[in-house]
Amino acid sequence: MSENYQYRGKTNVISLPNCWVCNGTEWKVFKESTLNGNISPEDFRITDSHYGHTARIDECTACGFKQCTDLSTVLNFYENLEDPEYNKGREQRGLQSRKILESLVRYKTSGQLLDIGAASGILIEQAEKLGFHCIGIEPSRSLAQAAIANGFNVRLGTFPHESVRGPFDIITLVDVLEHVPHPGELLKNIANHLSPTGFGVLTTPNVESWMARFLKSKWWHFRVAHIGYFSPATLTRLMESADLEIIETSSPPWYFTMEYAAERAQKYFPSVFHFKLPHFLRERTIRVNFFDSMQVIFRRKSS
């Protein structure tokens, strides 16, 4: 239920959602909107590089969670999303997925795996190589079709899905939580579909990381598509409210081609400092970790 949208010291007459973490109703502006017109599915591409370009981000004065309260309905953008650049980094994204899965096999080495936000099936491809039986869910028609065309068991839609039933031994949620309104409802559904001996893993940006503080409004995780920004405290609070228990926390590495990394890094410098990499370096893969993302492994709380 929505309440009057309240800033500390004054009340706005506009009625907007409560805090998605603690249900609070009092806010302060954390970051002003940079949107100059209508947004489109193109703004929600996974490979979008308009860093710092967001709707207004408000901070809950009760718990500190930061959310785009005026972007609480975004599903249509994801359904119509097309991202032709995404699969150009399939090898590197596969390495990232492999590392995430390897952190899980200490707890569970086989069974049924559900990947929420499966995109074109990169994580599923790696999980199948490790022996898991996989199913994925993806809202983008374009990405889901690409996954299905490559033989992966991916269903078009969102979770929960009428044709996807648990319990699952593994549930993965990689860079998804920051894209959805009311993330607590998603986590509660995950808890209901996770087997009593199952484990889940999620990754999401850490808005209180040193890199986020250093880059401020230009941080690369500030994007139109990201509508919820977690700290370790708010993520823990939300997961506990969904009857989920965090058992391991880390900062995951990312893998990029040198060309991709150089192009993104140069967005922070004037054009006079831009350069082209030698051809022999462009496709070389590098490992990057700025410790500004959180990876948590979790399970259902013991009764």
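Strand E10, residues 194-205, is mostly covered in this predicted model. Of its 12 residues, 10 are buried.

E10 belongs to an open sheet of seven strands with mixed pairing, ordered E8-E7-E6-E9-E10-E15-E12. Strands E8 (154-156) and E12 (244-250) stand at the edges with a single partner strand each, so one side of each has no neighbour in the sheet. On average, neighbouring strands are turned by 20° against each other, direction ignored. Helix H2 (residues 90-104) packs on this sheet. H2 touches E6 (112-116), E9, E10 and E15, and its direction makes about 140° with that of E10.

| Strand pair | Sense | Bridges |
|---|---|---|
| E9 (residues 168-174) and E10 | parallel | six bridges |
| E10 and E15 (residues 293-300) | antiparallel | six bridges |
| E7 (residues 133-138) and E8 | parallel | three bridges |

Individual partners can be named. Phe168 has Leu194 in E10 as its bridge partner. Leu202 stands opposite Val296 in E15.

Together with H5 (residues 183-193) they make a right-handed β-α-β unit. The loop between E9 and H5 holds Glu178.

What is the nearest side chain of opposite charge to Glu178? It is Arg223, 8.1 Å away. Glu178 is buried yet has no salt bridge. Beyond its neighbours within four places in sequence, Glu178 contacts Thr203, Thr204 and Pro205, along with Ala225, His226, Ile227 and Gly228.

Notes. Residues are numbered from 1 along each chain as its sequence is written. This is a predicted model: local features need pLDDT of at least 70, side-chain atom pairs count only at pLDDT 80 or more; totals for chains, interfaces and linings use all residues. Side-chain values use heavy atoms; hydrogens and water are left out. Buried means under 20% relative accessible area, exposed over 50%, partly exposed in between (1.4 Å probe, protein chains only). Helices (H or I, at least four residues) and strands (E, at least two) are DSSP runs, numbered from the N terminus. Two strands pair if DSSP finds at least two bridges between them. A crossover is right-handed if, with the strands pointing away from the viewer, the path from the first strand over the helix to the second runs clockwise. Lys and Arg count as positive and Asp and Glu as negative; His and the chain ends are not counted. A salt bridge is a side-chain nitrogen of Lys or Arg within 4 Å of a carboxyl oxygen of Asp or Glu. Contact means heavy atoms within 4.5 Å. Axes are lines fitted to C-alpha atoms, for helices over the stretch in contact, and angles run from 0 to 180 degrees between N-to-C directions.
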